Amino acid sequence: MDSPKIVTLTSDFGLKDPYVAEMKGVVLSVCPTAIIVDITHEVEKFNVREGAFVLASTAPYYPKGTVHIAVVDPTVGTGRRPIIVETEDSFFVGPDNGVLMLAAEAQHIKQMRHVESRRFMRPHVSNTFHGRDVFAPVAGHLLNGVSLEEFGPQITEVVKPKFVQITRSEESVSGEVLHVDDFGNIITNIPAKVALDFTLDAVMVEMAAQKPFHMKMARAYADVKHNEPVALVGSHSYLEIAVNQGNAAAKFSVKAGDSVFLSKP
Amino acid sequence: MDSPKIVTLTSDFGLKDPYVAEMKGVVLSVCPTAIIVDITHEVEKFNVREGAFVLASTAPYYPKGTVHIAVVDPTVGTGRRPIIVETEDSFFVGPDNGVLMLAAEAQHIKQMRHVESRRFMRPHVSNTFHGRDVFAPVAGHLLNGVSLEEFGPQITEVVKPKFVQITRSEESVSGEVLHVDDFGNIITNIPAKVALDFTLDAVMVEMAAQKPFHMKMARAYADVKHNEPVALVGSHSYLEIAVNQGNAAAKFSVKAGDSVFLSKP
Amino acid sequence: MDSPKIVTLTSDFGLKDPYVAEMKGVVLSVCPTAIIVDITHEVEKFNVREGAFVLASTAPYYPKGTVHIAVVDPTVGTGRRPIIVETEDSFFVGPDNGVLMLAAEAQHIKQMRHVESRRFMRPHVSNTFHGRDVFAPVAGHLLNGVSLEEFGPQITEVVKPKFVQITRSEESVSGEVLHVDDFGNIITNIPAKVALDFTLDAVMVEMAAQKPFHMKMARAYADVKHNEPVALVGSHSYLEIAVNQGNAAAKFSVKAGDSVFLSKP
């Protein structure tokens with residue numbers, strides 16, 4: 001049997017409109033054996049950084065050869081380029097605005113292409129919906145084995161998403177909130193190994209306009225009492241601030257992009 | 001390889017309940033090789049016109065032979081008929097209340113059937129959920145190649161959804177709002193070619209109780225400034241009122257069914 | 001052709017985060033021919049009973065051999081065991097907290113296993129996300145035909161969800177609300193045959209803090225007038241309180257777990 005032809009979709013389209021299903025119809029029309037998997041369509045509207053984070057979190061779990069489409073595309077229909085990034089593991093298809101690059105850079109990038117050939121787009125390309133008219137058919141043709149050079153010229157410079165760099169001293173580390181998940185867990189950009197260097201059983205955490213807050217460090221949510229806050233290394237190997245069976249983001253009024261500051265108690 | 005057996009689902013069931021997954025289980029029990037694609041399950045409850053619009057928007061992008069199930073069915077369990085509509089391109093399965101017909105009439109209708117044979121329904125048909133007990137198994141049997149005449153007698157009269165006709169003069173055109181999408185874009189029933197006849201770079205738009213509003217006509221959302229309103233031809237070839245990276249429906253307090261009036265400035 | 005390899009997913013993860021898609025990537029990495037179907041990811045956070053209800057409602061509609069994963073897991077990362085339950089019809093994979101057992105007990109249970117073998121888990125098992133690191137790969141290996149004894153030792157005692165027993169007399173029956181669906185329909189734990197024993201065309205219903213309410217019994221929602229309340233046997237063969245084209249849970253301020261009392265008028 002051939003290896004499965006998996007394509008994932010990430011967007012800010014939501015699920016009430018026909019948009020996502022139109023993209024799926026186009027993929028299946030080009031490659032009838034495609035296996036289509038939704039990553040999410042509930043990226044905050046126009047939030048390219050959040051789309052980049054969600055795609056980068058998910059892509060490592062997919063089989064070699066998977067094609068990932070991401071469409072968070074506030075400047076659709078203007079000059080921004082449609083691109084393909086080929087890595088050792090996957091193909092990424094979407095706009096050249098950074099949404100693909102956090103995921104792609106975590107793998108070994110082999111080549112990047114500016115999609116120019118109209119042969120691999122729908123006959124009529126609208127100015128408002130390149131997800132359906134450009135990215136979906138391009139992904140279908142990639143699954144069908146069309147080689148990269150046919151889509152357009154190689155490129156070397158692309159837009160990359162900028163996240164706040166973490167800053168650390170012996171006593172503290174500062175970073176930012178990457179994402180607030182549906183449980184209200186606050187996922188920071190502080191990597192596990194930096195957080196674990198503290199080797200403390202408690203930390204002071206300061207977030208956005210909040211006063212510093214004393215918090216236990218633990219291994220699992222349920223290591224603290226019901227409704228108690230806890231700092232731990234989450235499933236993505238970043239420091240996460242949570243409340244056991246509660247909503248940390250609501251409790252601390254925190255959102256993506258806010259600053260986070262950790263220090264010894 | 002056989003051609004793929006694609007079935008799409010459109011409903012107002014939402015995603016928190018077991019209903020959609022029960023339908024999928026029934027489809028897979030009848031036709032284990034079915035490829036099931038959700039169009040949306042977030043049609044406004046009981047809003048047959050919106051379901052009809054979403055299905056009609058999406059169906060043209062699917063491969064020949066696709067079976068489309070739509071279940072927005074406020075009168076389930078009463079006398080309304082379950083029907084199949086076969087067109088040149090697809091099969092449509094659902095209640096005879098108009099939800100299928102906007103999509104079906106856009107393709108060439110070959111025949112319509114009243115589904116009567118209990119052989120293709122689940123053994124026990126509930127009075128509240130024909131999606132699972134009638135439409136899902138009927139779709140599975142269609143995918144398996146059961147011929148149309150086996151399901152029930154041919155019919156010629158079915159219920160059709162009524163949308164406001166557009167009215168135009170040299171100076172103006174009036175229509176209605178078909179759908180407000182998740183971005184807040186206002187999709188009207190004014191076709192691209194009527195809108196483009198104006199060949200203006202700006203229009204006056206009057207919506208519902210709003211005062212007339214002067215608006216640029218453009219090609220892409222990002223052709224106007226951030227938060228500025230814009231009239232353009234959307235991806236479905238209808239006139240759309242949007243706000244660049246903002247929510248037009250919220251700004252203008254507009255909802256599906258509201259009237260729209262365009263005139264020269 | 002081999003029988004299809006179907007795996008369903010039930011969780012409280014929501015759809016905005018990468019979690020569900022990470023699980024799907026892991027399943028497809030282990031078993032590339034898996035057919036993945038979402039039951040729902042919108043179980044109320046940490047509500048094991050609601051997860052159990054939704055899974056038990058849906059599982060009977062799936063083909064023999066289906067693997068059902070359910071992850072509503074408030075005590076992830078603590079001592080609670082990962083388990084597999086094999087029944088005559090299906091396999092159930094998830095935490096030993098009751099979420100699987102309402103569905104499993106409705107089928108004939110053949111054996112239960114405590115998953116201990118690290119061979120069938122991801123190399124690194126996080127303390128916060130066993131859905132991805134344990135249950136998804138275990139399900140993939142089950143689909144690949146790994147036999148039950150390889151996963152870990154047989155067990156006989158597991159946690160079971162407790163629902164209120166119904167109490168009936170000749171004149172009345174009391175129970176509880178199992179689930180409020182997205183339409184606002186109130187699904188009780190009173191089985192069809194108990195409800196139908198009343199053989200009345202009307203009942204008095206008392207819910208939570210509400211005063212007793214006189215209500216018609218009917219066959220279909222549309223058997224009563226628009227916005228009129230109705231008691232009927234729903235599609236899951238339980239007594240359901242609805243409002244024709246309205247929201248009964250909002251009208252009566254009722255939620256899952258509330259008590260319900262039915263009597264003759």
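This is a predicted model: local features need pLDDT of at least 70, side-chain atom pairs count only at pLDDT 80 or more; totals for chains, interfaces and linings use all residues.
Okay, let's start at the axis: in chain C, Ile35(C) is the residue that comes closest to the rotation axis, with its C-alpha at 5.1 Å. Residues are numbered from 1 along each chain as written, chains are lettered from A in the order written, and side-chain values use heavy atoms, without hydrogens or water.

So what superposes chain C on chain B? A rotation of 120° with 0.0 Å of shift along its axis, RMSD 0.0 Å. That's the relation of a three-fold axis.

Now the interfaces. Only 3% of chain C's interface residues are also interface residues in chain B, so the copies meet through different surfaces. Contact here means heavy atoms within 4.5 Å.

On to chain A. It has six helices and 14 strands, counted as DSSP runs (H or I, at least four residues; E, at least two). Its C-alpha atoms fill a box of roughly 60 × 40 × 35 Å along the principal axes. Of its 265 residues, 61% count as buried, meaning under 20% relative accessible area with a 1.4 Å probe, protein chains only. And for contacts with a separation of 6 or more, 64% come from residues 24 or more positions apart.

Terms used
Buried means under 20% relative accessible area, exposed over 50%, partly exposed in between (1.4 Å probe, protein chains only). Copies are superposed by least squares on the C-alpha atoms of residues with pLDDT of at least 70 in both.
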